[in-house]
Amino acid sequence: MSILEVRQLAKHFGATQVLQDISFSLDQGEAVAIIGSSGSGKTTLLRCLNFLERPDGGSISVKGQTLFDAADPATQQPEQIRRKRLHFGLVFQNFNLFPQYTALENVMLASQLLARERPDYQSGKKAILAEIRQKAEELLTEVGLQNRMTNYPHQLSGGQQQRVAIARALALSPDILCFDEPTSALDPELTGEVLRVIRSLAQRNTTMIIVTHEMDFARDVADRIIFMDEGVIVEQGPPEQVIHNPREERTRKFLSHFSGV
């Protein structure tokens, strides 16, 4: 069943067209890897999906609900943006953890802020906060950081910080988890621990969009690969087909830069 429908998405910055006619769907439990050169529009696409950028054209629908339609001003109201973002969790390249909070506090923070809007918050505050803490502890345990919950970001390695960021993104139970080059800021020896966590999420059928430069990882984990170049989707299909038998010359040229592909 399709959970995400993106149709003819477009985005420009000034005279530069960054995304053009981007259309694809994502099924429940599917992991899609997006590959392409720097500047091909991959990060901008994720930022549009997470409403950190507003598209200039096209539409985005989740679970049959239209979240954005460039032709419908009613879907573009600023006060709705925060709620729309809850459909997506985004793990950034550079962690973006709050340095003044512990790992546990970083994971709990967004849930605590949202809980204040609940009508039963004042009467059930203690139980609500205990539930949020329990979930955060479970998530940090899942990513292998059960012994680092009280550490601050500066006390953690890059790989550990990124795993905290993954737990934080999962804390609000998003429909779709997005990764923007999750290992690009890591030393090679720390990359493996983050990829193992993402691989375990894929094995549990977590719905994911993963922008990555790790071709072996994309081939092994993704159900489908999308290759982008110059703001358009050039090719998409099963990993074995896109990586080992690409149909388009632009795809072949890009993959020629990776040894072992």
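How many salt bridges does the structure hold? The structure holds 14 of them, a salt bridge being a side-chain nitrogen of Lys or Arg within 4 Å of a carboxyl oxygen of Asp or Glu. Please keep in mind that this is a predicted model, in which local features need pLDDT of at least 70 and side-chain atom pairs count only at pLDDT 80 or more, while totals for chains, interfaces and linings use all residues. Residues are numbered from 1 along each chain as its sequence is written, and side-chain values use heavy atoms, with hydrogens and water left out.

**View 1. Strand β7 and its covered faces.** Let us start with strand β7, which spans residues 176-180. Helices (H or I, at least four residues) and strands (E, at least two) are DSSP runs, numbered from the N terminus. Five of the five residues in β7 are buried; buried means under 20% relative accessible area, exposed means over 50%, and partly exposed lies in between (1.4 Å probe, protein chains only). In a regular strand the side chains alternate between the two faces of the sheet. Here Ile 176, Cys 178 and Asp 180 are buried on one side of β7, and Leu 177 and Phe 179 are buried on the other.

**View 2. The neighbours of β7.** Two strands pair if DSSP finds at least two bridges between them. Strand β6 (residues 88-91) pairs with β7 in the parallel sense over four bridges, and Phe 88 has Ile 176 of β7 as its bridge partner. Strand β8 (residues 208-211) also runs parallel to β7, joined to it by four bridges. Within β8, Ile 210 is the bridge partner of Phe 179. To get from β7 to β8, the chain passes through helix α6 (residues 188-203) in a right-handed β-α-β crossover; right-handed means that, with the strands pointing away from the viewer, the path from the first strand over the helix to the second runs clockwise.

**View 3. Rings that pair.** Three aromatic pairs turn up in a search of the whole structure. Rings of Phe, Tyr and Trp (its six-membered ring) pair if their centres lie within 6.5 Å; planes under 30 degrees apart count as stacked, over 60 as edge-to-face and the rest as tilted. Phe 98 and Tyr 101 make an edge-to-face pair, with 6.0 Å centre to centre and 70 degrees between the planes. Phe 98 is partly exposed at 38% relative accessible area, and Tyr 101 is partly exposed at 29%. Elsewhere, ring pairs link Phe 227, Phe 254 and Phe 258 into a cluster.

View 4. Glu 117 and Arg 82 meet through their side chains in a salt bridge of 2.1 Å, N to O. Glu 117 sits in the loop between α3 (103-115) and α4 (121-142) and Arg 82 in helix α2 (residues 81-85), so the pair ties together parts that are 35 residues apart in sequence. Glu 117 is partly exposed at 38%, as is Arg 82 at 44%. A network of salt bridges links Arg 82, Arg 83 and Glu 117.

**View 5. A buried salt bridge between helices.** Arg 163 and Glu 193 form a salt bridge whose closest N and O atoms are 2.9 Å apart. Arg 163 belongs to helix α5 (residues 158-170) and Glu 193 to helix α6, so parts 30 residues apart in sequence are tied together. Both Arg 163 and Glu 193 are buried.
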